[in-house]
Amino acid sequence: MANLQIPDALLVKNYVEGNESALSTLIKRHESKIYGFIYSKIADRDISNDIFQDTFIKVIKTLKSNSYNEEGKFLPWVMRISHNLIVDHYRKNKKMPMYRETEEFSIFSVMSDDSLTIENKMIMDQVEVDLKKLIEELPEDQKEVLVMRMYQDMSFKEISEITGVSINTALGRMRYALMNIRKIIEKHQIILTN
């Protein structure tokens, strides 16, 4: 139980100094958030497990090579690694998702689907892509809070703990992020429709 009180930064330091159990504490502490994030993007347990493992292989390599310098922001750093691996996965394997036949899902249900649903899915995918581009234009501190809140479903308390700022600062960054996205939309003259 005492392990739960040790800050991530100290666990990272302990692991780099040779304490192997420090890494397993970090993994246990964050696995549900990291795996949940991966699974929300992939929706395939096997592939999600592979990406989760690849994420920690990359984490271990980076920590072992002494090139980690995230100043105590371990979870956002790991989330970025997993996000990049998800992007790589889609780049390598699919332009379009591959459907596997299972008892509850038949390929014929996709083929017989009406085109409006497929069109709506394409529109939603494009909105998601556009939104991610807008988020990329935000200042780093605002982007970090927005991604943690919207994509990783973290509370402002968790965000403040991970980023090392007060809850009010985290709330302020979120507010400015949303205001800035609105300004960026207006600047690009993007028209959002239902």
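This is a predicted model: local features need pLDDT of at least 70, side-chain atom pairs count only at pLDDT 80 or more; totals for chains, interfaces and linings use all residues.
The main thing to look at is a nonpolar core of 44 residues, the largest one in the structure. That core takes at least three residues from domain 1 (8–93) and at least three from domain 2 (115–188).

**The core**

- If you want to find the middle of things, start with I34, I38, V59, L63, F74 and W77, the residues with the most contacts inside the largest nonpolar core.
- On the domain 1 side, helix 1 (8–16), helix 2 (20–42), helix 3 (45–64) and helix 4 (74–93) each put in at least two residues.
- From domain 2, helix 6 (115–136), helix 7 (140–150), helix 8 (156–163) and helix 9 (167–188) likewise each supply at least two.
- Looking past residues up to four places away in sequence, I34 touches F52, F56, L75, V78, M79 and S82.

**Helix 4**

- Helix 4 has 20 residues, and at 1.5 Å a residue they should span 28 Å; the end C-alpha atoms are 29 Å apart, so the model agrees with that expectation.

**The UniProt-annotated stretch**

- An unreviewed UniProt entry puts the feature "domain: RNA polymerase sigma factor 70 region 4 type" at residues 130–169.
- In the model, residues 130–169 are 72% helix and 0% strand, and the end C-alpha atoms of the span lie 27 Å apart.

**T62**

- T62 sits in helix 3, where a polar atom of its side chain lies 2.8 Å from the backbone oxygen of K58.
- Setting aside residues up to four places away in sequence, T62 touches S67, Y68 and W77.

**Y39**

- Y39 is in helix 2.
- Is Y39 buried or partly exposed? Its relative accessible area is 29%, so Y39 counts as partly exposed, given that buried means under 20%.
- Beyond its neighbours within four places in sequence, Y39 is in contact with D44, R45 and S48.
- The C-alpha atoms of Y39 and F52 are separated by 9.2 Å, with the two residues 13 apart along the chain.

Key:
Residues are numbered from 1 along each chain as its sequence is written. Side-chain values use heavy atoms; hydrogens and water are left out. A nonpolar core is a set of buried Ala, Val, Leu, Ile, Met, Phe, Trp, Tyr and Cys residues joined through side-chain atoms within 4.5 Å. Buried means under 20% relative accessible area, exposed over 50%, partly exposed in between (1.4 Å probe, protein chains only). Helices (H or I, at least four residues) and strands (E, at least two) are DSSP runs, numbered from the N terminus. Domain bounds come from an automatic or database domain assignment. Contact means heavy atoms within 4.5 Å. The expected span of a helix is 1.5 Å times one less than its number of residues. UniProt positions are given in the numbering used here, feature names are shortened, and annotations may be inferred rather than shown by experiment. A polar contact is a pair of N or O atoms within 3.5 Å; within protein, one must be able to donate a hydrogen and the other to accept it, and residues adjacent in sequence count only if both atoms are side-chain atoms.
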